Amino acid sequence: MVTTTTDVGQSAPHSLLRGTPVVPGLAYGPVLVVTQEVSPEAVASYGDGGHATVDDALAAYDLAAVAVAEGYAAKAARATGAAAEVLTASAGLTRDKGLRQAVGTRLEGGEALLAAVHGAVEQFVGVFAAMGGLMAERATDLRDIERRLVARLVGEPEPGVAPPEVPSVVVASDLAPADTASLEPGRVLALVTQRGGATSHTAIIARQLGIPCVVGVAAALGLAAGSHVLVDGAAGTVDPAVAEDEARRLVEEDRVRRAALEAWAGPGATADGARVTLLANVADGESARVATDVPVEGVGLFRTELCFLDRREEPTAEEQADIYAEVLGPFAAAGHHVVVRTLDAGSDKPIAFATLEDEENPALGVRGLRLAEHNPQLLERQLDGIADAARRTGADAWVMAPMVATVAEAAAFAEQVRRRDLKPGVMVEVPSAALLASRFLEVVDFLSIGTNDLTQYVMAADRLATDLAYLTDPWQPAVLHMVAITAEAGRQARKPVGVCGEAAADPLLAMALVGMGVTSLSMAPAAVRAVGAQLAAVTRATCEEAAEAALAAADPRAGREAVRALLA
Ligand code: PEP
Ligand code: MG
């Protein structure tokens, strides 16, 4: 059951806590500590469940699994975007035949039902953890499924974050997708988790809901329930010792600043008129339509693989064209370009019809453009689909490949794209592409820096590993040097170089990126106004100073502080 702690822990921290900033914004309010345990008494009284046969036990399991899956599906139906996607995925995982089979095998071996469920879930967690990347992230989902199955079996209501009675700062070890998806921004002032990195579910959903959020705060669970804290989602801090007057003043200032952001109407430019193209990251027709409501000048990243996460068979080129046209159409009408990324299948985004199985190290394996080496027709058909969609809609379609490591790969890709009268580019995600950016720009028309993967490969740290969040931070000076090399190559070649990773959505970092010479920033639509307003408030020269400060900083925190100091 979800319980909220009421005791003031002996180790309650009094000094500033630090974590990874995820969603900017200030919030002040009482701490609601959420733990997600099924009541031990109910589990004890259920015991071995008293099932006479393995079939009886499996029948009880099936009933519970159906109920849990339906619960996820119902929540998915009420949610939108990323929240709906993760809930639908959890519903599918709950119905998974392999999971049921693992429970059955354990029951046959003489285990009681609860033990069999636990053993089967742990078995799957182990398999997913070994796969790494986004699959490892599914461990949180699996444990949430287990808690819900157990609750159903022992006759308790399923756990979940009950809406706080008073607006609160929700503090948890980590939050399952089902918990975060049902959060109400009005009641949840901010989210603070002990675990989780910038790409955890908590982070993704908090970003979508616009709730200030800090993850990876080591001492979060030591915060005293009911005590008041000030959360700074931009600085990544939680202050339990701030004076109430001061906190309320800061929150009010922040509210006024944020209200001003809402008024920002584009187009992207610094205060002295240096233009920066602000673009949206989209996943499908629906998110493209949402993006047309914000002041962007097109799409900088259409993640096509997200259209096919649940497809077992490759869609035909024609079917793909229908899907792509839904994204291209709205922007064609506005005369804006759309950067379509070819399938980034593999590693953290396995696609049944494309990804190789049983790779030892999928993040360093056959992913992105590398799949075309094994299955050239897959890329050909996708490019045909994109070209068809561009023709049908009259859109200005730019096409880029992910995970490109050599100039030869880029040249071959560019040739295929140009043959279809489309504009070719590649993503800079592998350090080799950043280092040789000028040579890549001899064969393609534009570059787009994927800071999420670039950070993971520069720092040799899995982008989804909770414990490595301090390394997988795009403010790492080594990552920023790669960005600077790439941007400078673009400046010299007079070709566009954008950023489409999460770094582009951070208003302070956006200043530094622009100062390095990046020509466009592409981000979740929810982040656009904050970035646009920040750039509009500073001059080009301040952005250049920000770039210098961030590049010279010893570490991410020093970089953030140095750039923030320029605003004072
Ligand atoms: C990136 O790596 O920064 C990027 C934009 O691609 P994705 O996050 O989809 O891997
Ligand atoms: Mg990437």
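**The surroundings of ligand 1**

Modeller: In this predicted model, threonine 451 places a backbone N or O atom 3.1 Å from an oxygen atom of ligand 1. For arginine 303, a polar side-chain atom lies 2.7 Å from a ligand oxygen. For arginine 463, the separation between a side-chain N or O atom and an oxygen atom of ligand 1 is 2.8 Å. Considered alone, ligand 1 would expose 290 Å², of which the protein buries 99%.

The site itself is the second largest cavity, where ligand 1 sits. Two elements each give two or more residues to the shell, namely strand β11 (298-303) and helix α17 (451-459). The largest share, three residues, is that of α17. The shell holds 14 residues in total, and those that come nearest to the ligand are Arg303, Arg341, Lys349, Asn452 and Arg463.

Four aromatic pairs are found in a search of the whole structure. One of them joins phenylalanine 308 and tyrosine 324: their ring centres are 6.5 Å apart and their planes stand at 75°, so the arrangement is edge-to-face. This pair connects distant parts of the chain, since phenylalanine 308 belongs to the loop between β11 and α11 (317-333), while tyrosine 324 belongs to helix α11, 16 residues away.

Two points of backbone geometry complete the account. The peptide bond that runs from glycine 266 to proline 267 is cis, and its omega is near -5°. Proline 267 is located in the loop between α9 (244-262) and β10 (277-282). Methionine 403 has a phi near 60°, which is a positive value in a residue other than glycine. The loop that contains methionine 403 runs between β13 (396-401) and α14 (407-418).

Methods:
Residues are numbered from 1 along each chain as its sequence is written. Chains are lettered from A and ligands numbered from 1 in the order in which they are written. This is a predicted model: local features need pLDDT of at least 70, side-chain atom pairs count only at pLDDT 80 or more; totals for chains, interfaces and linings use all residues. Side-chain values use heavy atoms; hydrogens and water are left out. A residue is near a molecule or strand if one of its heavy atoms lies within 4 Å of it. A polar contact is a pair of N or O atoms within 3.5 Å; within protein, one must be able to donate a hydrogen and the other to accept it, and residues adjacent in sequence count only if both atoms are side-chain atoms. Accessible areas come from the Shrake-Rupley method with a 1.4 Å probe; for residues, only the protein chains shown count as cover. On a 1 Å grid over the protein atoms alone, a cavity is a set of points where a 1.4 Å probe fits but cannot get out, and a pocket is an open set with protein on both sides within 12 Å along at least five of seven lines; lining residues have an atom within 4 Å of a point. A molecule sits in a cavity or pocket if more than half of its atoms lie within 2 Å of its grid points. Helices (H or I, at least four residues) and strands (E, at least two) are DSSP runs, numbered from the N terminus. Rings of Phe, Tyr and Trp (its six-membered ring) pair if their centres lie within 6.5 Å; planes under 30 degrees apart count as stacked, over 60 as edge-to-face and the rest as tilted.
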